[in-house]
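Let's take a friendly walk through the helices and charged side chains of this model. Have the sequence and the 3D view open as you read.

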Amino acid sequence: MIKQIAWNTFKNTGNIDTFLELKQITDIVENIEAKKYETIKNEGINNCGEDSSRF
C-alpha cells in the first residue's frame, strides 16, 4: 500500500525525493516485520525446548 502511495505521489508531483522517502519507510516496515517474525520464531523454539525438558 505504501509503495502505491509513493508511486502515485511521484506521478502527481514529479518529486523523486518524496518517492524515495516513502520507499525507505516501506523498507523499514518490512525489516520490523521480519524481526518480529524472527523473535516469535525463536521464542517458540526456546519454549518448546523448555517444555520438553520438564517432561
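A salt bridge here is a side-chain nitrogen of Lys or Arg within 4 Å of a carboxyl oxygen of Asp or Glu. This is a predicted model, where local features need pLDDT of at least 70 and side-chain atom pairs count only at pLDDT 80 or more, while totals for chains, interfaces and linings use all residues. Residues are numbered from 1 along each chain as its sequence is written, and side-chain values use heavy atoms, leaving out hydrogens and water.

How many salt bridges does a search of the whole structure find? There are two, and here they are:

| Pair | Closest N to O distance |
|---|---|
| Lys-23 and Asp-27 | 3.2 Å |

Lys-23 and Asp-27 sit four residues apart in helix H2 (residues 16-54), so about one helical turn separates them. Helices are DSSP runs of H or I, at least four residues long, numbered from the N terminus. Glu-33 and Lys-36 also lie in H2, three residues apart, again about one turn. An α-helix has 3.6 residues a turn, so residues three or four places apart point the same way.

Are these side chains buried or exposed? Buried means under 20% relative accessible area, exposed over 50%, and partly exposed in between (1.4 Å probe, protein chains only). Lys-23 is partly exposed at 35%, and Asp-27 is partly exposed at 32%. Glu-33, at 45%, counts as partly exposed, as does Lys-36 at 46%.

Now for helix H1, whose 12 residues (2-13) should span 16 Å at 1.5 Å a residue; its end C-alpha atoms are 16 Å apart, which agrees. The expected span is 1.5 Å times one less than the number of residues. Just after H1, Gly-14 takes a positive phi of about 75°.

Conventions. Helix = DSSP H or I, 4+ residues; strand = E, 2+ residues; numbered from the N terminus.
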